[in-house]
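Keep the sequence and the 3D view side by side as you read.

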Amino acid sequence: MRPLRYSINVTLDGCCHHEAGLPPDEESMRYWTAEMQRVDALLFGRVTYEMMESAWRRPATGTWPDWMNEWEIPFAEAIDQAKKYVVSSTLSGVDWNAELVRSDLGPAVQRLKQQPGEGLWVGGVTLPRALADLGLIDEYEFVVQPVLAGYGPALLAGLRERIQLELVDRHEFRSGAVALRYRPTR
């Protein structure tokens, strides 16, 4: 069974809005690229899928936009080429190497996890909370940014039950951010 990992940037005060943390730098982009290469597929809700597609889909010209730094291109290529599953009841279709997941969330994700491979990666806010409530997340990875945002969606706000975690890895960045990887103690 391939594991499901939830990975996200979060501020010290628990905000996980993508604009509340520090802007990406070369070191963090190398880290996220390596993490993305540890999985077979990405799992997104509609909002995260649309946000990631608008930022990281290769343009029809085949050339990455001028605003993109050269050190962002390996991440862009990794996410652009990755297999994606999109959980949505409102989208009529998806592309960008994606497949729409419309059936009951728990059994649908369980089927994805039962397929052979290295693992699945989920990002975003709403979908991961639902997956955590269902006990389907095998690993939590938080890149904690040294910022107090004071606003925005809170990490896993509204969980039905407490989830006890054990630290399995830690990585410190020059920026002061810290990547913390946990597994549930079941």
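## A hairpin near the end of the sequence

Strand 7 (residues 165–172) runs antiparallel to strand 8 (residues 178–184), and seven bridges join them. Strands count as paired if DSSP finds at least two bridges between them. Glu166 faces Arg183 in strand 8. Five residues lie between the strands of this hairpin, and Gly176 has a positive phi near 100°.

## About the model

This is a predicted model: local features need pLDDT of at least 70, side-chain atom pairs count only at pLDDT 80 or more, and totals for chains, interfaces and linings use all residues. Residues are numbered from 1 along each chain as its sequence is written, and side-chain values use heavy atoms, with hydrogens and water left out.

## The overall fold

The protein chain has five helices and eight strands. These are DSSP runs numbered from the N terminus: helices are H or I with at least four residues, strands are E with at least two. Their order along the sequence is β-α-β-α-α-β-β-α-β-α-β-β-β. The radius of gyration is 16 Å, close to the 16 Å that the globule rule gives for 186 residues, so the chain is as compact as a globular protein of that length. That radius is taken over C-alpha atoms, and the rule is 2.2 Å times the number of residues to the power 0.38.

The C-alpha atoms fill a box of roughly 45 × 40 × 30 Å along the principal axes. Of the contacts with a separation of 6 or more, 72% join residues 24 or more positions apart. A contact means heavy atoms within 4.5 Å.

What share of the 186 residues is buried? The figure is 45%. Buried means under 20% relative accessible area, exposed over 50%, and partly exposed in between (1.4 Å probe, protein chains only).

In strand 6 (residues 139–145), seven of the seven residues are buried, so the strand is largely enclosed by the rest of the structure. Glu139, Glu141, Val143 and Gln145 point one way, while Tyr140, Phe142 and Val144 point the other. In a regular strand the side chains alternate between the two faces of the sheet.

Strand 6 pairs with strand 1 (residues 4–11) in the parallel sense over seven bridges. Thr11 has Gln145 as its bridge partner. Strand 6 also runs antiparallel to strand 8, joined by five bridges. Here Glu141 stands opposite Arg181.

## An enclosed helix

Helix 1 (residues 26–36) has eight of its 11 residues buried, so it is largely enclosed by the rest of the structure. Among them are Met29, Tyr31, Trp32 and Met36, along with Glu27 and Glu35.
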